[in-house]
Amino acid sequence: MSETPETLRYVATHEWVRDDGDGLVTVGITDHAQEQLGDVVYVELPDPGAAFNAEQECAVVESVKAASDIYAPVGGEVVAVNDALTDTPETLNSDPYGDGWLMQLRIGDPLEMDRLLSAADYLATLDE
C-alpha cells in the first residue's frame, strides 16, 4: 500500500482532493479504494462543464471485481478530466495520487474544504 499523502484532503468515501490554488482542486481515489477495487479496466468521467454538489455521484470506476461510483468530495464545476485514463485505466492502480487523478473542479464554496479529512483522520476511518 502506498503512503497516504499528508498534503491532500480526504472523504470517507475514499476520494482525495488536492488544493491547486485559485479556486481549483484536483480529485482522485485513494490507494485504499484502488486496492479494494482490484484491477481497474474502465473509467467513466464527467464532461467538462458538468457541475456537482458535494457527495453527488460524478464518475464511475469499473474493475474486474465491480463497478464503483465516485462521489464529488466538494461541489464545483468540472474544468478538466484525465482523458489518459480512457486508454490506460490501470493508472488508477499504479499511481492513484499522481497520474491517476480523475478530474479538476472549480470549487463552488471554498469553505467546503474545511470539512474534509486530514490523512490521519481518513486512515482512522479505515480502522472503524
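**A walk through the predicted model**

Asn-82 is buried, because its relative accessible area is 5%. Buried means under 20% relative accessible area, exposed over 50%, and partly exposed in between, with a 1.4 Å probe and protein chains only. This is a predicted model, where local features need pLDDT of at least 70, side-chain atom pairs count only at pLDDT 80 or more, and totals for chains, interfaces and linings use all residues. Residues are numbered from 1 along each chain as its sequence is written, and side-chain values use heavy atoms, with hydrogens and water left out.

Asn-82 sits in the loop between β8 and α2 (84–87). Helices (H or I, at least four residues) and strands (E, at least two) are DSSP runs, numbered from the N terminus. Leaving aside residues up to four places away in sequence, Asn-82 touches Leu-45, Asp-99, Gly-100, Trp-101 and Leu-102. Contact here means heavy atoms within 4.5 Å. Take Trp-101: Asn-82 and Trp-101 are 19 residues apart in sequence, and their C-alpha atoms are 6.5 Å apart in space.

Leu-102 leads on to the core. Again not counting residues up to four places away in sequence, Leu-102 touches Val-27, Gly-28, Ile-29, Val-43, Leu-45, Ile-70, Val-81, Asn-82, Leu-85 and Leu-92. The largest nonpolar core has 27 residues. Val-25, Leu-92, Leu-102 and Met-103 have the most contacts inside it. At least two residues of this core come from each of β3 (24–29), α1 (31–37), β4 (40–44), β6, β8 and β9 (103–107). A second, separate core has six residues, among them Leu-8, Tyr-10, Trp-16 and Ala-119. A nonpolar core is a set of buried Ala, Val, Leu, Ile, Met, Phe, Trp, Tyr and Cys residues joined through side-chain atoms within 4.5 Å.

Now the strands. Six of them form an open sheet in the order β1-β2-β3-β9-β8-β5, with antiparallel pairing. Its edge strands are β1 (9–10) and β5 (51–52), and each pairs on one side only. Two strands pair if DSSP finds at least two bridges between them. β5 and β8 (residues 76–81) pair in the antiparallel sense over two bridges. There, Phe-52 stands opposite Gly-76 in β8.

β6 has pairings of its own. Five of its seven residues are buried, so β6 is largely enclosed by the rest of the structure. β4 and β6 are antiparallel, paired over four bridges. Tyr-42 has Glu-62 in β6 as its bridge partner. β6 and β7 are also antiparallel, over five bridges. Val-61 has Ser-68 in β7 as its bridge partner. A hairpin of three residues joins β6 to β7.

Val-64 lies in that loop, between β6 (57–63) and β7 (67–71). Val-64 counts as exposed because its relative accessibility is 60%. Together with Val-41 and Tyr-42, Val-64 forms a nonpolar surface patch of about 290 Å² accessible area. Patches are made of residues with over 30% relative accessible area and no salt bridge, with like charges joined within 9 Å and nonpolar side chains (Val, Leu, Ile, Met, Phe, Trp, Tyr) within 5 Å. Accessible areas come from the Shrake-Rupley method with a 1.4 Å probe, and for residues only the protein chains shown count as cover.

A search of the whole structure finds one salt bridge, meaning a side-chain nitrogen of Lys or Arg within 4 Å of a carboxyl oxygen of Asp or Glu. The side chains of Asp-20 and Arg-18 form a salt bridge at 2.7 Å, N to O. Asp-20 is partly exposed at 30% relative accessibility, and Arg-18 is partly exposed at 33%.
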